[in-house]
Amino acid sequence: MRIRRILQSDHLSGWAFAFPAVFLIFVFGIVPVVWSALLSFQHTNLLAPPQWIGTANYRALARDPLFRQSVVHSLVYTALFVPLSVAGGLLVAIALNRRIRGVRFYRTAVFVPVVLSTIATAIMFLWLLDPDFGLVNFLLSKVGLGPYGFFDSASGALYSIVGMTVWGWIGFDVIIYLAALQGIPPSLVEAAEIDGARTWGMFRHITLPLLGPATLFLVVWSSINALQLFDEIYFLTNGGPGTATYVVVYYLFSLAFQQGVAGYAAAIAYVLMIAILSLTVVQLWVGRRLVYYAS
Amino acid sequence: MPSFAPGGSHQTIAGPDNWVVFNNGPARVRASEEFLRFMTQPTNLLKNSMATGDLPTRASVQKLPGFAQFNKKYPGAGLFAANLANVRQARPQIPQYPRVSAALGREIVAALLGQTTPQAALNSAAQQADGYLAAPG
């Protein structure tokens, strides 16, 4: 009787439907989070039996110059990538939100880099920006500039990666902004026109406020991604030249999987997670005050 | 340290290969040790080299009677074995080594990029290495 009631209850079928997702989130989400928390209090190389060392990993972080350098590089990258990609995405979206011939082609073209694999993008930029026979240096030399080292230059490598990733991700911001732009009610635009609003006034007082939710989403999403920058660094520069492009995730990867100090790397991962969580909370808190929700 | 300078020592980078086994409990460590002893007996190494062309990993292999045949089958093997006499210093086999090596590498690059002087780079590498070596292995 009881068993039949359990078998027929909505809870059981509900959980059965949710099980695949719950299982995957548990295995690939919750287990790693808990496991790396434990690792961060251990001295371990993931092979030999670990030693418990309390908070020594976290205390060591405070006097690790390479960690400090990696944090600075990550912050510089984020401070450049987020505004450039969001503002750039807005400009391109406005340009593509008009009835012009071939607009569908342009919209597709802008989005293509987003679906390209990072490695393909990186190989293309390696060739374009090659110091000796890259197309970019060739064109710059025609106007009397350069040659620049780009990825090979200690002062320019991080900025070259900013440029490459902004190009690679701007299409995503464009798509989100295009959707938001097309969601602006025509009645509001008409009313503003009747009230005598010019182009700038229309943009400042109608378009921009109504794009608030999209902007908040893009800023939060881009910041999280920017602080987790890794693939491009791993493939293009390996943190180099010297330590010029060491960012937090690349540093923790090299520690955990190349130098056998996984516990220390886990502590870095936890500090990064807490930093990203705090930044997101602050952004959402500020966003709630600034962003206007139409509905 | 090896050196190209006149009077510098003649050394080879050959020699520092390791056998690595996992520490999964005393019984398995004992079994692994026994297995490695078997694997690395000069006669077994020679058998393996004859079959695969792999270079012998112990200098004593060249003293075995079968070595002449190996040298004939794979010309140049004898020269390699003779060069094992130039192994003066193997890389240290300690858990901290990869980190120490990476720090030295970074500092050498910094010196090559002109960001620091060679002396300052070496001092910094030494200081970092001391820090890593002070931590548990």
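I count two residues as in contact if their C-beta atoms, placed from the backbone, lie within 7 Å.

**Ground rules.** I am working with a predicted model, where local features need pLDDT of at least 70, side-chain atom pairs count only at pLDDT 80 or more, and totals for chains, interfaces and linings use all residues. Residues are numbered from 1 along each chain as its sequence is written, while chains are lettered from A and ligands numbered from 1 in the order in which they are written.

**Chain A.** I started with contacts: of those in chain A with a separation of 6 or more, 69% join residues 24 or more positions apart. Next I looked up secondary structure and found 14 helices and two strands in chain A; helices (H or I, at least four residues) and strands (E, at least two) are DSSP runs, numbered from the N terminus. Chain A has a radius of gyration of 24 Å, well over the 19 Å from the globule rule for 295 residues, so it is more spread out than a compact globule. That radius is taken over C-alpha atoms, and the rule is 2.2 Å times the number of residues to the power 0.38. I also noted that the C-alpha trace of chain A spans about 75 × 70 × 35 Å along its principal axes.

**Chain B.** I found domain 1 (26-86) and domain 2 (97-134) here, with bounds from an automatic or database domain assignment. Their centres, over C-alpha atoms, are 36 Å apart.

**V109(B).** I placed this residue in helix α5 (residues 97-112) of chain B. Neighbours within four places in sequence aside, V109(B) is in contact with G240(A), P241(A) and G242(A).
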